[in-house]
Amino acid sequence: MALCLHRGESKNEMDNGKYVRYTPEQVEALERVYAECPKPSSLRRQQLIRECPILSNIEPKQIKVWFQNRRCREKQRKEASRLQTVNRKLSAMNKLLMEENDRLQKQVSQLVYENGYMKQQINTVSSTTTDTSCESVVVNGQQQRKNPTPQHPEIDVNNPAGLLAIAEETLAEFLGKATGTAVDWVQMIGMKPGPDSIGIVSVSRNCSGVAARACGLVSLEPTKVAEILKDRPSWYRDCRCLNVLRVIPTGNGGTIELIYLQTYAPTTLATARDFWTLRYTTSLEDGSLVICERSLMTVTGGPTGPPATSFVRGEMLPSGYLIRPCEGGGSMIHIVDHIDLDAWSVPEVLRPLYESSKILAQKMTMAALRHIRQIAQETSGEIQYTGGRQPAVLRALSQRLCRGFNDAVNGFVDDGWTIMDSDGVEDVTIAINSSSSKFLGSQYNTLSILPTFGGVLCARASMLLQNVPPALLVRFLREHRSEWADYGVDAYSAASLKASPYAVPCARPGGFPSSQVILPLAQTVEHEEFLEVIRLEGPAFCPEDIALSRDMYLLQLCSGVDENAAGACAQLVFAPIDESFGDDAPLLPSGFRVIPLEPKSDVPAATRTLDLASTLEDGTGGTRPAGEIEASNYNHRSVLTIAFQFTFESHYRDNVAAMARQYVRSIVGSVQRVAMAIAPSRLSSQLTPKPFPGSPEAVTLARWISRSYRVHTGGDLFQVDTQAGDAVLKQLWHHSDAIMCCSVKMNASAVFTFANQAGLDMLETTLLALQDIMLDKILDEAGRKVLLLEFSKIMQQGFAYLPAGICVSSMGRPVSYEQAIAWKVLNDDDSNHCLAFMFINWSFV
């Protein structure tokens, strides 16, 4: 290749009339200039000839040709290097895919064997009679006593041999998950392997807890990769702290670490988790590095972990990282995360957050792999940043934004947070942190030196959203700040950065009179996260604020705006900053987080409840039309968490609390309007509407509800062209008012048995969880009194009109309605079946 280039260079030079053979000194001089300026101008080339005597015998045109050829050689060298890198990646990826194929073949063989064994057992059972004699029972009991369930003895913390036994057992189980068939892995949709992809990402199916696995390639050496992965707080955004309480060297050159890990709760409606684990780092015979980890519990043995009152103890099943060196440099990484978050300790509506392997894959498994790939590309110089800030600084800013927002959402007592009394409505929680030790000497030192500085106040709330993709909502909030933000509150937050008092704002009719300009700072490799500066442009809104700068600035982090990412959490976090903010500038983050509540997909069909509620929820017979499967992504719920932080002066505490509470409530109302406006059904006519499930029980109940309403009130609940099929059920389900039924039993509380779509939205629940809600729990005291007074009228006359009032959803949010109608639902024998309620023109307060 070099010979061809030199021939081309000589030909060009001979075309100029004479052939020039460059001396080593001349080439060295030209190379120095090329290093400074690969494409010098004509004046620069003439200046070079004048200043460098050894080039005086060369014409400017020949110098120009030399630089052209030099740039061509440099371009071809870079292209050759790039192709070699791609070739190494493809070779390593091919090896990875071959291993994955071998694993899948083993899994298929195992399934075929199990299938044959099950058929044999079924045939054996069907051809023989089951022996239920006392003698058989006694023999089986003796066999069970001979083979008791193995229990690990309590291991002394000072006994390295016992801990090493646990570590080796953890290693074997982890390798079985990483490269074997210990877990039934299913590849996530959209995760196609390739030289530039993140890798192969899979989630578990039919296993205890939630599990995710990722395999990928990075251009870092195994030791560097291991160092990054062990520093979990640097890449796992939900990690609050990781304390290594003890390090024990092992005889094989490895180390055992006893670790206490605390993680944040994703929303205000749940409790944070902590883990007490053993981490084992060692090397395999093939040179691979392994970092495996598992929880130390009673069943596994080992020392007891530190107690924590504000956390729920989670279990980490054998997990870890297998890091294998690649030929030509780089590493091949296998990541396995397998945890049990004790989903039964949270409300049923939030359990999908703790039962979704996709969410675990996005927040932990893929986050680790993305972080390593990001550092690898930064190290190789593939990523160029603007603004003069180093990549590590930008990552630290992103980490501080996320950590500050998580602290605000969780409000841990040991950080100094305390809850203020509510104003009678529990929709918004106000927490205050006035601890001097929290701020003195920290990032808030410029604020806490004020004599009147009172601390930081946080207003937070959570709400459920229906049929709104998290990515779409966050992207709208990012691009259309004027739809929900208040300029006066932004001005107060910006002024609180300065060491001077500023009046507490009120809600202003002008809303948000300024415009915003987004100034990019950095983005991750796959563009799933953006760090940017937001300039809010606008004049001061009243004469007394004329001294305030017209422009305000926010440091903003936006993530999860890819609608195709399964289980991805979407987040928009921002903090006011000065125009020339430093790397250690004080940050007080606020923002939004939207997490999809995807139902657990690996629940065996045998555990499903076969009642009216499950029939309505899942359709008939467990089979779903294709249209419903395609549209299912847009018929799931999500939980939105809002947290806004403000500094305050001591004598303004109550004023700031009232302002913050009012502001968050206005934001909740704005988000509800935005969510209704951007629902997929209004955005795209190509989305197939969810087919309505038409079970015989549901059709019968709908017919009873409609006929009873007409018999008692003399009017029609809705107009139906035909009574055939499920036409009545469809009209009832899609009715704009909330219609729900509850049981009527003597000496028992009335519980809900059915609700249409509007009713489920009002109660913020699902059909499966509806039966856990009692009627007297959603009505306020006035509503219960009215119902008690009108109950005899309902039973005698058949119906009654109830006045306007307030009720409470299953999430504790107040709901107002203009009027309610209650009537008896009669079956075909005209016997009382249940009570029906219709709440007219309801809305969240």
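Me: Which residues make a nonpolar surface patch of about 380 Å²?

Reply: Tyr 113, Tyr 117 and Met 118 make that patch. Keep in mind that this is a predicted model. Tyr 113 lies in helix α4, residues 60–127. An α-helix has 3.6 residues a turn, so residues three or four places apart point the same way.

Me: Is Tyr 113 buried or exposed?

Reply: Tyr 113 is exposed, because its relative accessible area is 61% and the cut-off for exposed is over 50%.

Me: How many helices and strands does the chain have?

Reply: The chain has 24 helices and 28 strands. Of its 845 residues, 49% are buried. The accessible surface comes to about 41,200 Å². Carbon and sulfur atoms hold 53% of that surface.

Me: Where is confidence lowest, and where is it highest?

Reply: Confidence is lowest in helix α15, residues 612–618, with a mean of 37. It is highest in strand β7, residues 289–295, at 95. The chain averages a pLDDT of 78, and 77% of the residues score at least 70.

Me: What should I do where pLDDT is low?

Reply: Where pLDDT is low, the predicted coordinates should not be read in detail. Take residues 129–151, where pLDDT stays under 50. The model gives that stretch one contact beyond four places in sequence. Residues 507–513 also stay under 50. For residues 507–513 the model has 17 contacts beyond four places in sequence.

Me: Why is helix α14 described as largely enclosed by the rest of the structure?

Reply: Count its buried residues. Nine of the nine residues of α14, residues 487–495, are buried, so the helix is largely enclosed by the rest of the structure. Among them are Tyr 487, Val 489 and Tyr 492.

Me: What do the buried residues of α14 pack against?

Reply: They pack against strands β16, β17, β18 and β20, and against helix α17. Now look at the N-terminal end of α14. Asp 486 caps that end. One of its side-chain oxygens lies 2.9 Å from the backbone nitrogen of Gly 488.

Me: Helix α17 came up there. Which residues does Arg 661 contact, leaving aside its neighbours within four places in sequence?

Reply: Arg 661 sits in helix α17, residues 653–677. Its contacts are Asp 421, Ser 422, Asp 423, Val 428 and Ile 430. Arg 661 is buried, with a relative accessible area of 8%.

Me: How many residues apart along the chain are Met 463 and Val 639?

Reply: They are 176 residues apart along the chain. Yet their C-alpha atoms are separated by 5.8 Å. Met 463 belongs to strand β14, residues 453–466. Met 463 is buried, at 4% relative accessible area. Beyond four places in sequence, Met 463 touches several residues, including Ser 638, Val 668 and Arg 813. Now take the chain as a whole. Consider contacts with a separation of 6 or more: residues 24 or more positions apart account for 66% of them.

Me: How many salt bridges does a search of the whole structure find?

Reply: It finds 25 salt bridges. Start with Arg 32 and Glu 28, whose side chains meet at 3.6 Å, N to O. Both lie in helix α2, residues 24–36. They are four residues apart, about one turn of the helix. Arg 32 is partly exposed, at 49% relative accessible area. Glu 28 is partly exposed too, at 49%.

Me: Which salt bridge partner does Asp 274 have?

Reply: Arg 313 is its partner, at 3.0 Å, N to O. This pair links distant parts of the chain, with Asp 274 in strand β6 and Arg 313 in strand β8, 39 residues apart. Asp 274 is buried, at 1% relative accessible area. Arg 313 is partly exposed, at 34%.

Me: What does the pair of Glu 532 and Arg 478 tie together?

Reply: Their side chains meet in a salt bridge at 2.8 Å, N to O. Glu 532 lies in strand β16 and Arg 478 in helix α13, so the pair ties together parts that are 54 residues apart in sequence. Glu 532 is buried, at 2% relative accessible area. Arg 478 is buried as well, at 16%. Salt bridges can also share partners: Glu 31, Arg 70, Glu 74 and Arg 77 are joined this way into one network.

Note on methods
Residues numbered from 1 in each chain as written. Predicted model: local features only at pLDDT ≥ 70, side-chain atom pairs only at ≥ 80, totals over all residues. Heavy atoms only, no water. pLDDT = per-residue confidence, 0-100. Helix = DSSP H or I, 4+ residues; strand = E, 2+ residues; numbered from the N terminus. Contact = heavy atoms within 4.5 Å. Buried < 20%, exposed > 50% of the residue type's maximum accessible area, 1.4 Å probe, protein only. Polar contact = N/O pair within 3.5 Å; in protein donor to acceptor, adjacent residues only side chain to side chain. Patch = residues over 30% accessible without salt bridge, like charges linked within 9 Å, V, L, I, M, F, W, Y side chains within 5 Å. Areas by Shrake-Rupley, 256 points an atom, 1.4 Å probe, with all protein chains shown as cover. Salt bridge = Lys/Arg side-chain N within 4 Å of Asp/Glu carboxyl O.
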